[in-house]
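Thanks for asking me to look this one over.

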Amino acid sequence: MRETYVPFPELFVNRMKRTKPFDMPVLHYHDGYEFFYVIDGERDFLLNDTEYRLKKGDALLMKPFELHFSFSSPSEPMSDRYAVNFKPEQLSEILDENEFKEIDNIMNRRMLHMNAEQQRYILRLLTMTDNDNADGSPFAKKAAKAGIVQLFALLRFTQTVSAESGENNAVLKAIKYINENYRYDITLSDISDFCYLNPSYFCRKFKSVTGITFLQYLSDVRVNNAHRLLTSTDKSIREIADECGFSSLAHMTRLFNKSYNTPPSKINRKRV
């Protein structure tokens with residue numbers, strides 16, 4: 001089974017050093033927020049329909065249900081990074097709903113850069129937060145959550161930076177089109193014509209950039225949005241199937257089962 005949904009039921013803080021090239025095997029998403037920070041080296045990202053190159057001191061901010069994956073930068077395959085995954089309810093002991101909106105607003109800035117002093121501070125803070133989170137005691141767990149709040153207090157004063165343009169503009173254009181039109185029928189002919197590419201070349205190029213086929217990506221986007229609607233609205237499953245572009249309820253159920261090993265009827269629904 002090809003996993004695209006990666007849940008984090010608990011606060012997750014992880015440092016990873018890589019000395020050799022490594023590309024994530026597939027686009028994926030979470031139902032919480034992710035903070036990805038490069039301590040040293042470089043790391044490339046595909047997030048929604050934009051490509052990012054993160055260098056030392058850069059951070060990428062991702063919201064729930066955003067498809068993304070990272071891969072080695074051709075200019076610098078080595079990387080040392082911290083990843084933090086969290087949900088609003090995990091910080092509810094410290095922040096109320098209105099206060100959490102400050103964090104959500106910072107996440108909208110997408111890519112940030114820390115100066116040398118901020119880099120030293122943030123590495124110490126993330127290391128302490130990582131240690132507290134791994135400790136497991138109730139006090140240390142609360143200290144880790146406080147560390148996440150401190151992190152975002154610092155991010156208010158960091159520099160917002162723009163994504164670098166890459167060499168994959170045709171694929172990014174296709175991804176943007178799919179993200180905006182997944183509710184409708186989209187054929188290979190439609191998308192390759194939209195990108196002014198031969199269908200065979202388009203398929204090879206799309207898979208070389210994303211790691212999956214055009215049809216797999218289209219299915220992932222539809223299932224991703226179905227999951228989002230199931231957990232955030234009280235719409236019926238049939239309504240959601242129609243809204244997300246599935247040809248039938250049975251079609252949605254089959255793809256949902258393939259992705260999550262459970263039918264949509266078993267997903268925890270929004271209470272109204």
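1. A word on terms before the helix pairs: axes here are lines fitted to C-alpha atoms, for helices over the stretch in contact, and angles run from 0 to 180 degrees between N-to-C directions. Please also keep in mind that this is a predicted model.

2. Let's begin with helix 2 and helix 3. The axes of helix 2 and helix 3 (residues 138-155) come within 7 Å, crossing at roughly 160 degrees. Because angles over 145 degrees count as roughly antiparallel, helix 2 is roughly antiparallel to helix 3. The crossing of helix 2 past helix 3 is left-handed.

3. Which residues make up this contact between helix 2 and helix 3? From helix 2 the list includes Tyr121, Ile122, Leu125, Leu126 and Thr129, and also Asp132 and Asp135. On the side of helix 3 they meet residues including Ala140, Lys141, Ala144, Ile148, Leu151 and Leu155. Sorted by class, the contact holds 11 nonpolar, 5 polar and 3 charged residues.

4. Gln119 also belongs to helix 2, which spans residues 116-135. Is Gln119 buried or exposed? Its relative accessible area is 16%, so Gln119 is buried. Leaving out residues up to four places away in sequence, Gln119 touches Tyr37, Lys56, Gly57, His113 and Met114.

5. Now for the largest nonpolar core, which has 39 residues. Ile178, Phe206, Phe214, Tyr217 and Phe246 are the residues with the most contacts inside this core. At least two core residues each come from strand 5 (68-71), helix 4 (169-181), helix 6 (199-210), helix 7 (214-232), helix 8 (237-243) and helix 9 (249-260). Helix 7 gives the largest share, with 8 residues. Another core, of 28 residues, lies apart from this one, and Val84, Ile103, Leu125 and Leu126 are among its members.

6. Beyond its neighbours within four places in sequence, Tyr217 is in contact with Leu27, Asn48, Leu67, Ile175, Ile178, Asn179, Phe206 and Ile212. Although Asn48 is not a glycine, it has a positive phi of about 55 degrees. Asn48 is partly exposed, as its relative accessible area is 24%.

7. Helix 7 can be followed through two pairings, and helix 4 is the partner here. The axes of helix 4 and helix 7 come within 10 Å and cross at roughly 35 degrees, and helix 4 passes helix 7 in a right-handed crossing. Ile175, Ile178 and Asn179 of helix 4 meet Phe214, Tyr217, Leu218 and Val221 of helix 7. By class, that contact has 6 nonpolar residues, 1 polar residue and no charged ones.

8. The other pairing is with helix 9. Helix 7 and helix 9 have axes 10 Å apart and pack at an angle of about 90 degrees, which makes helix 7 roughly perpendicular to helix 9. Helix 7 contributes Ser219, Val223, Ala226, His227 and Leu230, which meet Met252, Leu255, Phe256, Ser259 and Tyr260 of helix 9. The contact divides into 7 nonpolar and 3 polar residues, with no charged residues.

9. Ala83 is found in strand 6 (residues 79-86). With a relative accessible area of 3%, Ala83 is buried. How far apart are Ala83 and Phe12, in sequence and in space? They are 71 residues apart in sequence and 7.7 Å apart in space, C-alpha to C-alpha. Leaving aside neighbours within four places in sequence, Ala83 is in contact with Phe12, Val13, Asn14, Glu34, Phe35 and Phe36.

10. Lys101 lies in helix 1 (residues 97-107) and, at 44% relative accessibility, counts as partly exposed. Arg110 is found in the loop between helix 1 and strand 7 (111-113). Arg110 has a positive phi of about 70 degrees and is not a glycine.

Note on methods: Residues are numbered from 1 along each chain as its sequence is written. This is a predicted model: local features need pLDDT of at least 70, side-chain atom pairs count only at pLDDT 80 or more; totals for chains, interfaces and linings use all residues. Side-chain values use heavy atoms; hydrogens and water are left out. A nonpolar core is a set of buried Ala, Val, Leu, Ile, Met, Phe, Trp, Tyr and Cys residues joined through side-chain atoms within 4.5 Å. Buried means under 20% relative accessible area, exposed over 50%, partly exposed in between (1.4 Å probe, protein chains only). Helices (H or I, at least four residues) and strands (E, at least two) are DSSP runs, numbered from the N terminus. Contact means heavy atoms within 4.5 Å. A crossing is left-handed if the near helix is turned anticlockwise from the far one by less than a right angle, and right-handed if clockwise. Ala, Val, Leu, Ile, Met, Phe, Trp, Tyr, Cys and Pro count as nonpolar, Asp, Glu, Lys and Arg as charged, and the others, Gly among them, as polar. Angles under 35 degrees count as roughly parallel, over 145 as roughly antiparallel, 65 to 115 as roughly perpendicular and the rest as oblique.
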